[in-house]
Amino acid sequence: MRGLLLCCLVALATSQNLRYDNSLDQKNTYEYKYEGEVNFGLGKPNLAESGVRITCKISIVGIGEQLFLLQVSEMAFAEYNGFEDKNDYEFSPKVTKRLASELAEPFVFEYANGHVGAIFGSPKVSTTVVNIIRGILSFFQVTVKTTQTVYELRETGIHGQCQSNYAIEENEETKDWIVTQVVDVTNCWQRAAMYRGMATAVWDRLSKEKGESVISAMKYNYTIKPTANGGVITRAQGFERQHFSAFNVKGGSFKMEATKNLVLLSMNNTARGRTYGPIETKGNIIYKFEDVDINIPIMMQNLDNPVPKAIELIKRLSEANSGTIDSATTEDSMKLYHLLRVTPFEELENMWKQLAENPKYRRWFLDSIVEIADVKVLNFMETRFKANDWTPSEALQTILIAFHHLDPTPDNVGMAKVFLKLPFSKSNTYLWQTVALSYGSLVNKYCVHYLPCPVNPLQPLLEMATEALRSGNKEEMVIALKALGNAGHPKSMKTIMRFLPGMAASPVDLPLRVQSAAVQAMRLITTRDPHSVLEVTLTMFLHKHIPAEVRMLAFKILIASKPSMALVSIVTAHLQDETDLQVASFVYSYLHDLASSRTPNNHYLSIASSLAVKILAPRFGRLCHYYSKAKHADWFDERWLTGITSEFFMLRNASNIIPSEIVSSGKFHIIGRIIELLELGVRADGIKDLIGAGIPGFKGDFSMSDLMAIFNVLQKWESLDNDKPVLSVYSRITGQEWFFADMSKDTLRNIITAFSPAAWKSSPLRAMIESLQKGTSWDYTRAFLVLEARYFQATTLGLPVEISKYYNTITAFNINAKVAVNPSPTESIVQLLNSEITMETDGYAGCTKDFWVFYGINTKLFQSGSELKIKRPLAVPWKLSAKINVPERKFELDFPPSKKEIELLSIRSDLYAVSRNIEEPDSAKMTPIMSPSADPNDDVIEPYTWHPSSKMCYEYNIYGVGFCMEYELKRQYFHEEYPLYYFLGYSNMAFKIIPAQTTKAVEKIHFELDVLPSKHPVSARQLLGTMRSLSKNSTTEAIFNFKAFAICENQKPEGYDAVMYYSPEASIKNAQLIVSQVGASTNWKMCVETSLDAEAKAHVTWGDESQTYDMSMEATAAYINGSKPELKAKVQWRRISEYMTELGKRIERYIPGVALLYGFSERNERNPEQEVSATVVAAWTDSVDVEIKLPEYTVYNKAMSFPVLWSSQWLYQNMTCSTEY
């Protein structure tokens, strides 16, 4: 009915020659007042916020057919930083002047039918200012339909090409139309948004469905007055809100609110010809990004004349962080990266000439230029490669980081190809590997940003692989395949298949390590072309004539491709007829663990795997660890949108005792992405063949006879194949292989020769020992930007909102050492086994980590937002002397007493409301988000306030040293802000070593370890007089004696003396530890007796003559009804100290609340007074029953979820290694 009424009104207005469709009249001059404002904070009372405000007047006048001139006047810029009702916007005259000078230039735009076309402006105007104009003009980007009241359109706006929903109402008094426009700025077809960094992190669609870390909403309200020439906007408001969290926005979020208002001041037809200077096209209404790599959000500095500033910073950072780390300066390394990014290539060359001769400056310069991340660093590195003025180590480190941090534009990737052809790249084996692998990684990042990914960047790697196959160069085959694996380009599948057994059109006999590299080269294609990978890997897996190790690797890649239920069913059916137990065990164990996976990316695979396991368990559930295994464990929390995955793979074959390959990897799941962490892999090629099925004479106790057995086998190394590596290792980070190394037969020969007496005079080991005897020192410092991950999105104001994470480290290691060897080896290093070695050393090892999260507006002129800063210094200085007497098995350490406080580890963090501008870069405002005096107003909901602080110290007066742990936290939060509030506020935690008061002047602190000979059995009464449980006739072996003494000049030492004994009796293993305090007036002792047979038991007594206090513990593992595993543990005490009693009471009061939080129930009942017991029973393969009994109550949980499946062997009381099924 309302729609019919509106149509009638439209018809009436039309009959009176009035139109509502939005337009601008060529003959009129329109004057508007504009105000735009954006604020950042948590949206809660009494928490600091920041913001900016822009106000001005605009004049629009027609200058041609559908062409209008826009002029800005009365411009004002203001910043807000502080607390509500305490602070207000402050006018910034300097920024205002700078903005006004650019906004005073004329702007021209096309306009027709309510839509802005091309925008033109002076060449002198920056993109930042043009974007502000876009924010103003976006008010005029509105579609008013006169035949519909509710409609939706796909249209272009400042946020991109997005979906708009319109609703129209009429003001019955004024006859104006009220138009509401809601824009879906999250799901745009062409979105004004950009990512930088984390290109190798895989998007997880299923995780995104469980929650978002960023959500946005945009709404416009228009008041449109009808005229004969079309509707005129008399008033308009825009309101944009965004929520951001490092986790799930459901659990609390940072908030951005952007508002803008447009009010018509006047409209008249006094338009006349206007003149304006030269203009150029600036694009359309969609927001344009500018210099995002230069505008680092966590700082603002004057970038004019950057070279002298950069050189001064390099020198200052180098001197301040030499030998130790000055944590107060570490953030300045970000300023250095910032300056280098705006330094021209020619100036980089000049800087190199000034700094290269000084080793410290040279290292800092090379570590820093890799963060330039554009064509300048490629040109600089190419010059160095051609000049050959880098060492291979310098070139390797620089190109590794530079390629991984490079912006993967088409031009940069094209230039990076050059390094594959430069002679210097192939001058060193490891440098050549790094160049190839790093180029592959660059292609991978390129394919993330450009879809579909062209094949041209991949072509050099395809040619490398083809040429290596043609020439039969196995080393080059491996390098090319690993580089293709890093690239993960779908177009490489055809080339990779030429190296795969059973898949090549023209089969070639290739070694297993090449086949393995070829299979793993498909690992990243699984996310870009999973169907092709599934087809190839399934075919290989089903091919029984392919080597078992290759089939297992193929199955690993198949699983990474996320096979459907149907494909898992095919594998299951095939496995029931599998004859190779290595393959069967590997596949079954992998499916077994995947069945309990909780991460979203494995949701459907977990279901398919659980069904497969039920079918396969009767046949393969009893295969033991002697067979190949794949282990998977994970955890995921939907509240945090965070999880972890850990995997371990061990590939074996039937004829070798040593595994063919071992791989360990981990993944981190966060806010819809999967980040592959460190992956380590080891291939045992030659060493596996050398050892074969076993080592003759090897017992497994690693005694001298075992070592000799191993040595005897290694002596046969000459029988190894010359072209097969003895051992291979590799490492990957974020899924990208960055290092691999093969130990060749020649390398093994060199190692053995170095230990040979015949080569002693020329041995590098001898040179190293002689250098240590003369005294040596080493100083190493490295700055490294570990993470720069940024997300940019347009706002309705034409200002970019940015979410950025920066993680920078500075690591330092300094050591001075001098060694004395008596007697010094003259013929062989083996002579050290009969020497006494003394070392004097001092030094420092430390690492300071700086981490920032920024959420706010970031332009080249100003910044405003919320910023989290975390600093974590770790510093370990030392000065000590050490003595090792190898024949007597004695090791001694001497430390000087502590004279000053040393902070070993600390973590400091705070959340700030920040405001910065380029006109006053040294006057940045950083207000802690929590007010120093949190005093909530009466008319708001008072939040919880948490401000714990503590300092706990323990002093060892005997040694004159103490340890302190202190912390202070400030938090203010509401219930709905969990878990975000954990990280919001001030935090300071530190662990320190402090000097302590002593009764005597301590000269040094002495530690001594004697590994006592076990060939002199003595009676228990002789050694353990206080331990009545041992028989007089027990055969007791002394294992070791440890002493920790404070040495005082001309006085007897004081401290502690510990002796451990081992006294086996039949099947029972008994051990005893006696700790005695040594001093003039003490008889304190502690005795610990342990025994291990069917049960594990421990009995502890301590105090005067070890008689004052008494406690015992025991644990048992068994099977209930011969199937379900059960673990029981019990602690009993007869007499304990008051401190332990009080601590136990505190824990007892704390447990019910924690137990309730984790789903436990409580039962009030009286249990034994001086006893605590716990029982854990496997309820099923993925859950346990837990019961904990304390003196006054019992807490329990039935079918508690367990993060890792119990091994299916729990169905059997005894695991077997059956070969029958």
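Which residues does P278 touch, not counting residues up to four places away in sequence? The views below are taken from a predicted model.

**View 1. P278 in its loop, with the residues that it touches.** Once residues up to four places away in sequence are set aside, P278 touches G121, S122 and P123. P278 belongs to the loop that runs between β15 (254-268) and β16 (280-283). From C-alpha to C-alpha, P123 and P278 lie 7.6 Å apart in space, although 155 residues separate them in sequence. With a relative accessible area of 65%, which is over 50%, P278 is therefore classed as exposed.

**View 2. The largest nonpolar core and the surroundings of F555.** The largest nonpolar core holds 140 residues, of which M351, F365 and F555 touch the most other members. Helix α12 (residues 429-449) contributes the largest share of this core, namely 10 residues. Another core, of 91 residues, lies apart from it and has L24, Y166, V183 and Y791 among its residues. In soluble globular proteins, nonpolar side chains tend to be buried together. Leaving out residues up to four places away in sequence, F555 touches F541, V571, F586, V587, Y590 and L591.

**View 3. G64 in strand β2.** G64 is found in strand β2, which covers residues 49-64. The relative accessible area of G64 is 22%, a value between the limits of 20% and 50%, so that G64 is classed as partly exposed. L42 and G64 are 22 residues apart in sequence, while the distance between them in space, C-alpha to C-alpha, is 47 Å.

Technical notes:
Residues are numbered from 1 along each chain as its sequence is written. This is a predicted model: local features need pLDDT of at least 70, side-chain atom pairs count only at pLDDT 80 or more; totals for chains, interfaces and linings use all residues. Side-chain values use heavy atoms; hydrogens and water are left out. Helices (H or I, at least four residues) and strands (E, at least two) are DSSP runs, numbered from the N terminus. Buried means under 20% relative accessible area, exposed over 50%, partly exposed in between (1.4 Å probe, protein chains only). Contact means heavy atoms within 4.5 Å. A nonpolar core is a set of buried Ala, Val, Leu, Ile, Met, Phe, Trp, Tyr and Cys residues joined through side-chain atoms within 4.5 Å.
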